[in-house]
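Hi,

Here is the structure I promised to pass on.

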Amino acid sequence: MHASQGKSAGLGLALVSALAFGGSGVAAKPLIQAGLDPLHVVWLRAAGAALVLLPVAWRHRALVTRRPALLAGFGLLAVAGVQACYFAAISRIPVGVALLVEYLGPALLLGWVRFVQRRPVSRAAAVGVVLAVAGLACVVEVWSGMSFDAVGLLLALGAACCQVGYFVLCDHGSDGEEPADPFGVIAYGLLIGALVLTAVARPWGMDWSVLAGSAGMNGTDVPAALLLGWVVLVATVAAYLTGVLAVRRLSPQVAGVVACLEAVVATVLAWVLLGEHLSLPQTFGGAVVLAGAFIAQSSTPKKAAAAPVAQGGAAGARGDLSAESSPARP
């Protein structure tokens with residue numbers, strides 16, 4: 001009974017996380033169109049969330065000495081790594097292609113679980129991954145403007161690997177006699193990620209006046225500060241918190257497939273709020289992703305019966321923003 005309740009709670013948290021992450025692009029795109037550089041929006045996102053969670057970081061300051069590798073990995077890769085790889089990728093290849101390659105993460109995650117951690121992988125999770133990836137190909141219409149820039153594809157694959165690490169580290173943080181508090185891990189991860197992104201985004205050159213005005217959302221003017229607040233509080237703070245808690249209640253591979261719903265959520269919200277209409281293939285693809293997520297979540301988490309997680313230092317992240325599409329993201 002308790003296991004079933006825990007799985008249901010984990011699935012609910014995973015869906016909330018996907019909804020929160022998926023809505024980041026809808027709020028961020030108007031800010032980008034209003035004049036902010038995409039990297040500056042990413043920096044505002046990470047820095048704002050880190051500022052909000054500073055009291056949490058102080059409360060869990062013992063983690064700095066107790067789990068320094070976990071915090072560094074989460075910050076460098078789970079917050080900063082995937083976004084840096086993703087933005088570098090979309091500078092060379094179409095956004096849809098980069099998005100699809102990044103969301104190969106669940107498939108790569110199954111490989112990590114099976115061959116590195118040596119845990120069994122359920123058939124349901126494997127089938128769910130195949131369906132989810134196929135559905136995502138339709139959602140992003142990968143056949144439009146296909147480009148085979150080798151460097152761009154490698155960068156997108158780097159984002160996928162970072163996404164794998166996100167789930168691995170979330171799961172790894174729950175190991176040991178004293179599991180790392182997820183709130184503390186996220187607070188320090190965002191703080192470290194914000195510091196890294198500062199060097200990349202160089203926010204001192206940002207047009208700060210944009211935040212004092214408004215941004216257009218499908219013909220409606222919305223205060224830029226309100227959009228930024230959504231990106232920081234909902235699409236980052238709430239999304240990361242619910243995402244990490246979900247992974248700790250589900251197996252990482254199941255949570256990874258459910259996370260594919262982000263792309264569907266992002267596409268639907270862009271349709272409703274930004275007027276970016278869905279084509280028939282996109283609608284069909286969204287249904288296939290939903291089917292894949294449903295099949296994958298029906299598999300039984302094997303964490304309790306499996307061998308301990310391999311001591312690895314991978315990390316990843318989600319919630320990407322772009323000027324041309326909703327996030328994978330980040």
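Two things before you start. This is a predicted model, where local features need pLDDT of at least 70, side-chain atom pairs count only at pLDDT 80 or more, and totals for chains, interfaces and linings use all residues. Residues are numbered from 1 along each chain as its sequence is written, and side-chain values use heavy atoms, with hydrogens and water left out.

Let's begin with helix H12 (224-249); helices here are DSSP runs of H or I with at least four residues, numbered from the N terminus.

H2 packs on H12 at about 150 degrees, with the axes 9 Å apart (axes are lines fitted to C-alpha atoms over the stretch in contact, and angles run from 0 to 180 degrees between N-to-C directions). That makes the pair roughly antiparallel, since angles over 145 degrees count that way, under 35 as roughly parallel, 65 to 115 as roughly perpendicular and the rest as oblique. Ser24, Ala27, Ala28, Pro30 and Leu31 of H2 touch H12 residues including Leu227, Trp230 and Val231 (contact means heavy atoms within 4.5 Å).

Next comes H3 (residues 38-52), whose axis comes within 9 Å of that of H12 and crosses at roughly 70 degrees. H3 and H12 are therefore roughly perpendicular to each other. On the H3 side, the contact uses Leu44, Arg45, Gly48, Ala49 and Val52.

H11 (residues 182-201) meets H12 at about 135 degrees, with axes 10 Å apart, so these two are oblique. Pro182, Phe183, Ile186 and Leu190 are the H11 residues involved.

Now, which helices each supply at least two residues to the lining of the second largest pocket? They are H2 (24-33), H12 and H14 (261-274). H12 gives the largest share, three residues. The pocket holds about 190 Å³ of space, and its lining includes Ala27, Leu227, Trp230 and Leu273. The lining divides into 10 nonpolar, one polar and no charged residues.

For the record, a pocket is an open set of points on a 1 Å grid over the protein atoms alone, where a 1.4 Å probe fits, with protein on both sides within 12 Å along at least five of seven lines; lining residues have an atom within 4 Å of a point. Points are joined across faces, edges and corners, and the volume is the space filled by probe spheres set on them.

Cheers

Definitions and conventions
Nonpolar A, V, L, I, M, F, W, Y, C, P; charged D, E, K, R; others polar.
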